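This report goes through a few sites in the structure shown below.

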Amino acid sequence: MTKKRISQALLIIILTLGAITMLVPFIWMLSTALKTAPETVRVPPTWIPKHLQWQNFVTAWHAAPFLTYFINSLIVTTVTTIGQLFTTILAAFAFSRLNFYGKNFLFALFLSTMMVPGEMLIIPNFVTLSKFSLINTFGALIIPWLASFFAVFTLRQTFNAIPNELYYAAKLDGSSDWHFLWTMMVPLSKSAITAIGILEVIGSWNSFMWPLIVTNTAKVRTLPVGLNAFTSDAGTQFQLLMAASTFVILPMIIVYLCLQKYIIAGISKSGLKG
Amino acid sequence: MIKQHPTIKSTLIAFAYLAPMLIITLVFNIYPIFKSFAMSFYTKYDFFTDKVSALGWANYKFIFSDPDFYLSVRNTLIFVLGVVPFSVLLSLIIALLLHRVRFLAGLFKTAYFLPFVTSTVAISLVWQWIYNDQYGLLNAFLSHFGVHPIDWLNDPHWAMPALIIMTIWKGLGFNIILFLVGLSNIDKRYDQVAQIDGANAWQRFIHVTLPLLSPMTFLVSVTSVISGFKVFDEIFVLFGGSPGPGKSTLTIVFYLYQKFYSEWKYGIAAASGVVLFLLILVVTIIQFWYSRKHVHYA
């Protein structure tokens, strides 16, 4: 069995080298964020800063309205995710359990729209939102993302897997559709719903092009747009740029490390997002 | 499913459930698809009043005689061809290794997947710093091998490779997860039977694993190609809001963004969006057509 051991050891070595390569940008970001300005431009570069400059985070945080950006991102992400889950659960239930005229047509219509690149919709959506005077408001950042057919499609599959007998039994007991949905189907699909929710949290938090286009003041900017705006102020102060990047990235890394299994399960179930 | 015929009452109830999703989707997903096509024919358009005073093919004529647009299509294709094959191959190899490793697999997965959950803006800034010609990490690393400093982000020859390397790095984890799902769905007995028949590891990989994995390889390729066609955020941040040195990373979506947001030429931007859509459609159809011959659904 030594041959197996050697091959396992070799595997681990190769995978470790790969993993380190994947992590280098993060390590480099942190390392730079903790350096003094002169140390960032030292040649050859140092990995471990001589004196850890923790105050860089404080300086960067106050160099731009990051608190506002952070709160904005928090609001937009929370409202979008909860709202989208709500519309998704209701629609997935209708497609999974209810009979209605036009069901197949609607489903096919939605499926075919998934092929259309979202970038193409930016222009008409911008015009629509301007008509409602919603540009540069939270409305523009949130409302278009309150529904996702991709999410409906995924959740419908989970709902379909729940045995019909449960539904019949509940009906016989005189339970309403509404009651059945929230007391049976939703709790039974908890992990799928969590997965959809987390993927939306990540997507919403990191979203850039749309918020860039529909915001033009610091008051409503989200973190990625705010960070991008900060680059022109920070100039070549790499330690501040990296400190700011760190606190934009950190919340999602925490979310990911805590809820990893849901995220991976969510992608595994339907790798169509992209 | 309950085999009942829909009634007016059941339809009304169902639409009450569908309504929130339906309203949002109709306004922000379905209507804009048609509106985009329509807008691409607007030649005289007042955005403030949403009034159209002339229609025609002028927007399409414009983009098809605009060297910048051809450049953007060319760059987008180069980008897709640069990213997809490497990304698919690398993630397949790593997934195969991860599938076999018996220790630390979870830890490795975490590391490979980490870039996927991070903000593109933030991580592009980190790469901008890595690519810095004087103080960047990459040039410092390459100097050990006697490579002279490369001006990754300001040299038109190197801007696209820089973008491609970063994109592969960021998307690898997502593809690895999909391949791991594909690998775990393969029945181990196929491999065992082949082994009994005397096939060596390489033969088993080529004749058993690879064909059985082909549906997932296909899915990974299709999603990678589609997202490749839509690249924007990475370019915008990496090159400080510009389409790269000498427009070397001007892609279709960047072209659309410039026409729409910087030049306010809505019709032209919409026309480039339509072309993007058709390009994605054609490439996806070609991939599906190819897959009918080469993808084996076990």
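Predicted model: local features only at pLDDT ≥ 70, side-chain atom pairs only at ≥ 80, totals over all residues.

P6(B) counts as partly exposed because 14 other C-beta atoms lie within 10 Å, a number between the limits of 12 or fewer for exposed and 20 or more for buried.

Apart from neighbours within four places in sequence, the contacts of P6(B) are N99(A), F100(A), Y101(A) and T11(B).

## An asparagine in helix 11 of chain A

N206(A) belongs to helix 11 (residues 190-206) of chain A. With 24 other C-beta atoms within 10 Å, N206(A) is buried, since the cut-off for that class is 20 or more.

With residues up to four places away in sequence left out, N206(A) touches P224(A) and M252(A), as well as S119(B) and T120(B). P65(A) is 141 residues away from N206(A) along the chain, and their C-alpha atoms are separated by 18 Å.

## The nonpolar core

The largest nonpolar core contains 156 residues. Those with the most contacts inside it are A91(A), F93(A), A94(A), L155(A), Y112(B), V126(B) and I176(B). Helix 14 (residues 238-269) of chain A contributes the most to this core, namely 14 residues.

For I176(B), the contacts beyond four places in sequence are S91(B), I94(B), A95(B), L98(B) and Y112(B).

## The annotated domain in chain B

An unreviewed UniProt entry places the feature "domain: ABC transmembrane type-1" at residues 73-287 of chain B. In the model, residues 73-287 of chain B are 77% helix and 0% strand, and the end C-alpha atoms of the span lie 19 Å apart.

Methods:
Residues numbered from 1 in each chain as written. Chains lettered and ligands numbered in written order. UniProt positions renumbered as here; feature names shortened; annotations may be inferred. Helix = DSSP H or I, 4+ residues; strand = E, 2+ residues; numbered from the N terminus. Core = buried A, V, L, I, M, F, W, Y, C linked by C-beta atoms within 7 Å. Contact = placed C-beta atoms within 7 Å.
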